[in-house]
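Thanks for asking me to look this over with you. Have the sequence and the 3D view open side by side, and we can go through it one point at a time.

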Amino acid sequence: MNGLTDVSGLRVGHAQRIGDGWLTGVTVVLGPDGGMVAVVDVRGGGPGTRETDALDPRNLVQRIDAVVLTGGSAFGLDAAGGVAGWLEEQRRGVRVGPEPGQVVPVVPAAALFDLGRGGEWRARPDAALGRAAVEAAARTASGARVPQGCVGAGTGAVAGGVKGGIGTASTVLESGATVAALVAVNAAGSVLDPATGELYGARFGEPGEFPAELASVTPPPVPPAGRPGPLNTTLAVVATDATLTRAQAQKLAGTAHDGLARAIRPVHSLSDGDTVFALSTCGRPLVPESTAAGAVDPAFGVHIEAGALNAVLAAGADALTRAVVHAMLAAETVGDLRCWRDLRG
């Protein structure tokens with residue numbers, strides 16, 4: 001499906017409100033039973049996050065069950081409470097007592113800035129909208145196509161003055177491992193080459209993935225040098241079914257930011273809180289079980305495990321770049337927030 005749910009065990013749910021002053025939403029990535037390895041890498045200067053310290057590989061929690069991407073800036077982090085409540089009812093979380101229901105769900109979350117874009121400053125996600133998103137994820141079939149565009153956390157997203165949204169992409173490596181990305185594109189920087197109007201990330205697509213001609217768009221004006229841009233933040237999830245340690249997943253989250261840098265310029269500014277979560281469902285070994293630990297590939301003189309991890313790292317960055325392009329192609333005009341397709345005509 002060229003989406004995050006190509007990683008077996010992952011489900012994605014969106015919930016949003018549009019109209020009557022609202023233009024915001026929540027996206028939940030729900031993991032398989034037993035949870036998933038999860039880490040985070042924050043590069044933007046203005047992040048809004050919840051429980052991301054729990055993902056530090058030096059800390060106690062080994063696996064989590066869900067990740068929340070939300071609009072509403074710091075106020076929208078309330079959505080994670082609704083997800084935590086639903087997980088508790090399913091008896092999913094960190095066991096803290098002898099009874100099956102004695103769990104504390106750890107629900108990492110990150111928020112983007114979309115306040116007031118629908119008209120009402122106080123129209124922002126809450127626990128009820130977060131619960132609606134996780135329930136939507138739970139209802140989807142395994143491997144279901146991920147809705148893209150102006151849905152979930154991408155509902156009120158804007159990238160460099162152009163309507164942004166949710167995008168996703170995936171790839172399957174020669175090893176059989178799947179690597180995928182999902183992104184809510186809401187950047188202070190631009191996704192468009194100012195000289196051609198081309199989407200920066202389009203040149204990194206798979207053969208036939210994007211239309212042959214993606215130029216002929218006049219980018220909207222950017223703030224003069226020295227003037228602060230709008231408050232934004234791009235949020236992403238990169239995932240694989242390859243079994244990764246928390247340290248290896250941390251490297252995946254970091255290198256995935258390279259994918260944002262290819263598709264958005266500038267990125268990681270003080271006006272953004274750019275945040276990437278990396279997930280591993282541990283569905284298949286990183287290298288074949290028949291491979292001896294520490295074996296060296298004679299053709300390249302590198303450890304086979306390092307080579308396999310490098311392939312996952314490169315694929316994660318590539319998938320995230322492509323996901324940004326899909327978000328911009330799927331976005332729709334909302335009010336005076338014009339999408340790329342309408343700009344191009």
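The points below take up the sheet, the helices packed on it, the nonpolar cores and one arginine.

1. Before we start, please keep in mind that this is a predicted model. Everything that follows describes that prediction.

2. How many bridges join strand 11 to strand 12? There are seven, and the two strands run antiparallel. To find your place here, look for Ile166, which stands opposite Ala184 in strand 12.

3. Which residues have the most contacts inside the largest nonpolar core? They are Val185, Val191, Leu199, Ile264 and Leu320, in a core of 47 residues. Elements giving two or more residues to this core include strand 12 (178–184), strand 13 (235–242), helix 3 (246–263) and helix 4 (304–330). Helix 4 gives the most, with 13 residues.

4. Leaving aside residues up to four places away in sequence, Val191 touches several others, among them Val185, Leu199, Ile264, Val324 and Met328. There is also a second, separate core of 29 residues, which includes Val7, Val40, Phe277 and Leu279.

5. Finally, visit Arg92, which sits in the loop between helix 1 (79–89) and strand 6 (94–95). Is Arg92 buried or exposed? Arg92 counts as buried because its relative accessible area is 12%, and the cut-off for buried is under 20%. The side chain of Arg92 reaches the backbone oxygen of Gly31 at 2.9 Å. Beyond residues up to four places away in sequence, the residues that Arg92 touches include Leu30, Gly31, Pro32, Asp33 and Asp65. Leu87, Val103 and Pro105 are also among the residues Arg92 touches.

Terms used
Residues numbered from 1 in each chain as written. Predicted model: local features only at pLDDT ≥ 70, side-chain atom pairs only at ≥ 80, totals over all residues. Heavy atoms only, no water. Core = buried A, V, L, I, M, F, W, Y, C linked by side-chain atoms within 4.5 Å. Buried < 20%, exposed > 50% of the residue type's maximum accessible area, 1.4 Å probe, protein only. Helix = DSSP H or I, 4+ residues; strand = E, 2+ residues; numbered from the N terminus. Contact = heavy atoms within 4.5 Å. Polar contact = N/O pair within 3.5 Å; in protein donor to acceptor, adjacent residues only side chain to side chain. Pairing = 2+ DSSP bridges.
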